[in-house]
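Please keep the sequence and the structure in view while reading.

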Amino acid sequence: TPEDAFLWLKAHNGEVNLVGNINTRDMYGCESGNCSFNHDYTFSDWTNTYKAVTEMGLKNIPAPVKGAGEALTKPSSGRIEDTQYYVSEGSEVILREARKASPSKPLLVLIGGNPTSVANAYLKDPSIADRIIIFHVDGWRGHGQYNMTDSWGTYVVMKKLMYIIWDGDLTR
């Protein structure tokens, strides 16, 4: 997808302050027990792309870090607050940067896959909710969509954070 290359070029040109480069596992197929990719594979693919663009001379792009590696599970209570979260280097980056932000100058997180890393950050520290805005590329069009295969993590983000979605359908 083009959003990573677009942001990396903007960061290189000094047009955005890119503070994180997080790879959340591609969880497609995991909802049925047949994950298409493991996290090492998706992270390796991400770091190879990063290496290629930095070797071409692009600068101001943070090194990739691993985000969430597994989908969240809806608790038996059904309450978001009871969800077990998982710490990752990526969720810690989100927390660190969100804590520096404010409601008047929030952290913008662009997501091009599952929002699980952001959901984990929020679940660990709900106080970041008013200091973060999520812009999800190709997100919700129904349960089981490619970038929504972590349906509970998606639900958490949609319900608890400022959530903007662009589904990529230019015909509407």
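Helices (H or I, at least four residues) and strands (E, at least two) are DSSP runs, numbered from the N terminus. The model is predicted, so that local features need pLDDT of at least 70 and side-chain atom pairs count only at pLDDT 80 or more, while totals for chains, interfaces and linings use all residues. Residues are numbered from 1 along each chain as its sequence is written, and side-chain values use heavy atoms, with hydrogens and water left out.

Helix α5 contains Gly 153. This glycine counts as buried because its relative accessibility is 0%, the limit for buried being under 20% relative accessible area with a 1.4 Å probe, protein chains only. Not counting residues up to four places away in sequence, Gly 153 touches Leu 72, Pro 115 and Ala 119, where contact means heavy atoms within 4.5 Å.

A nonpolar core is a set of buried Ala, Val, Leu, Ile, Met, Phe, Trp, Tyr and Cys residues joined through side-chain atoms within 4.5 Å. The largest one here has 22 residues, and Val 109, Ile 132 and Val 156 are among those with the most contacts inside it. Two or more residues each come from α3 (89-100), β3 (107-111), α4 (116-124), β4 (132-137) and α5 (151-160); α4 gives the most, with five. Beyond its neighbours within four places in sequence, Ile 132 is in contact with residues including Ile 94, Val 118 and Leu 161. Apart from this core lies another, of seven residues, including Trp 8 and Leu 58.

In helix α1 (residues 3-12), the buried residues are Glu 3, Asp 4, Trp 8 and Ala 11. Their cover includes α2 (39-55), β3 and β4.

Key:
Buried < 20%, exposed > 50% of the residue type's maximum accessible area, 1.4 Å probe, protein only.
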